[in-house]
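The structure is shown first.

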Amino acid sequence: AESTAPLSSSTLAAPGPRIVVPESEARAILSVWTAQLDSNAAIITTLDLSCRSWTVPALLVLEPALLRIAPTVTHLKLDDVIASLPTADGFATLGFFNRIFAPEAAPHVTRVNLSDNALGTRSLDVIPNLLENAPRLCHLSLHNCGMSLEVAAQLSVRLGGGDDSAESTSTDADADANAANAGGIAGQLQSLYLGRNQMGPEGAASFGRLLSRCRSLRHLSYAGSRALGPGTRALLDGLVTMAATCPDGLTGLIELDFDDCSFGTGADGAADALGPLCDLLRSSPHLAKLVLKDGGLGPGAGGFDLLVAALVAGACPLRYLDVGCLDLGEEDGAAALAAYIDQHLTDTLEELHLETNLIEDGGLATLLPVLAKCTKLTVLNLTENGLEEEGYQALADTRIPNLRKLLMKENDEEDVADEVKDAIRDMYPVVLMADDDEEDATAGAADVDDEDDAGDGEETPAAGGAADDALAGAMGGFQI
């Protein structure tokens, strides 16, 4: 009797060097793919053409296989596929994918990764089927695409963010009505990665309007996109507006990456972004990853106290916390962080990034007894914190039970005895000090996504949705 077991899902990939793929290699790839498809061993749900440049002639060779998988594919990994191509050729390549994966041919696409492709306003006109026309699209990554504020404005409107001439979301009394009437896919977006672009405060304002309508949003990165203070405020005003439309006023947010955004200290309530950030945190009881690196909260505790109070009020179960470059200092800031972790995160925290906070030996002495209680902590970043002999000795004397990576470059270790440094190195699989190779510092070990939460990402925002396929480097294990 024939087996009735369901077929597993699988990936069609074309790994190889980061070059413009010649037609000869495309023919070899097609041969491999055809054998894979003819075996009927699995349903192809992921296409991975990432990190290789594809011309239309090479893609035409692959077209027969691509047409075969289009009806079942859900995930398109098309990041970094037009590097080094002339502009016209890049447009042609993007247009090819737009044709092959049009909704009528590929109706089940839910994830699109177009990161590391240069995208201008003309590029958006070429790929509507990979953006606003994709009926089930809910995970979109546009990391490091060189997008300008003009692109941000157009993309926001295309995805359902409304007219850029509208008032700020924080003062728009008709926000709910506008959201209900807006076109686009804003309401179904669960993951949106917009980091490392050039969009400025005006671009952030455009995306703030979009975010106000993203009720299903779980993962957001705006890292390094030059939001500055006004743009950060616009983003957070949009998110706070969105939260107010969610059931019980509680979002389903799991990841927020605001690296290099600017929050202020809370002293200027009308302009600072810290107030709406705290409002959002109080409304996000599922938040697992928070990145506020280089956020300008001011030295010492200050704005950090307000931040901690909001995290406590929201009962955020953080697993990944990056508060690097906030000038927490040796006394008040380190003490506030230690108290927060001790009372709320010892059972959940997996990664803690504290680089460039001047916590020095005294702050480390406050933190270490608490970190030793964190049974799930696997990554600790203490880079550039002014640590000297006493701090190194404290690290040698205090074992963090499941730590696998300790980053502590750019500290003052000249007078630290070699046996003390060796003792620290012997405690953990990866320890990076002043003379160690940076290449050993691979991506973070806290492979945090929301697969551990109830649900499969297709239900309520609180249920959580899987977010796989990490982008390289700073974004940890939350990427699509």
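## Helix α9

The buried residues of α9 pack against α8 (228-245), β8 (255-257), β9 (289-291) and α10 (303-314). In this predicted model, α9 spans residues 274-282, and its buried positions are L274, P276, L277, C278, L280 and L281.

## Helices α1 and α2

Helix α1 (residues 23-38) and helix α2 (residues 56-69) have axes that come within 8 Å and cross at roughly 10 degrees. Angles under 35 degrees count as roughly parallel, so α1 is roughly parallel to α2.

On the α1 side, the contact includes E23, A26, I29, L30 and W33. Residues from α2 include P57, V61, L62 and R68. By class, the contact has twelve nonpolar, one polar and four charged residues.

## Salt bridges

The count of salt bridges is 17. One of them joins the side chains of D125 and R158, at 2.3 Å from N to O. D125 sits in helix α4 (residues 121-126) and R158 in helix α5 (residues 149-159), 33 residues apart.

R158 also forms a salt bridge with E132, with the closest N and O atoms 2.7 Å apart. E132 lies in the loop between α4 and β5 (139-141), so this pair ties together parts that are 26 residues apart in sequence. Both R158 and E132 are buried; for R158 the relative accessibility is 19%.

Within helix α8, D237 and R233 are four residues apart, about one turn of the helix. Their salt bridge has its closest N and O atoms 3.1 Å apart. D237 is buried, at 9% relative accessible area. Shared partners join D125, E132 and R158 into one salt-bridge network.

## Cysteines

The structure holds zero disulfides. C261 is buried at 2% relative accessibility, and C316 is buried at 5%.

Notes: Residues numbered from 1 in each chain as written. Predicted model: local features only at pLDDT ≥ 70, side-chain atom pairs only at ≥ 80, totals over all residues. Heavy atoms only, no water. Disulfide = S-S within 2.5 Å. Buried < 20%, exposed > 50% of the residue type's maximum accessible area, 1.4 Å probe, protein only. Axes fitted to C-alpha atoms, helices over the stretch in contact; angles between N-to-C directions. Helix = DSSP H or I, 4+ residues; strand = E, 2+ residues; numbered from the N terminus. Parallel < 35°, antiparallel > 145°, perpendicular 65-115°, else oblique. Contact = heavy atoms within 4.5 Å. Nonpolar A, V, L, I, M, F, W, Y, C, P; charged D, E, K, R; others polar. Salt bridge = Lys/Arg side-chain N within 4 Å of Asp/Glu carboxyl O.
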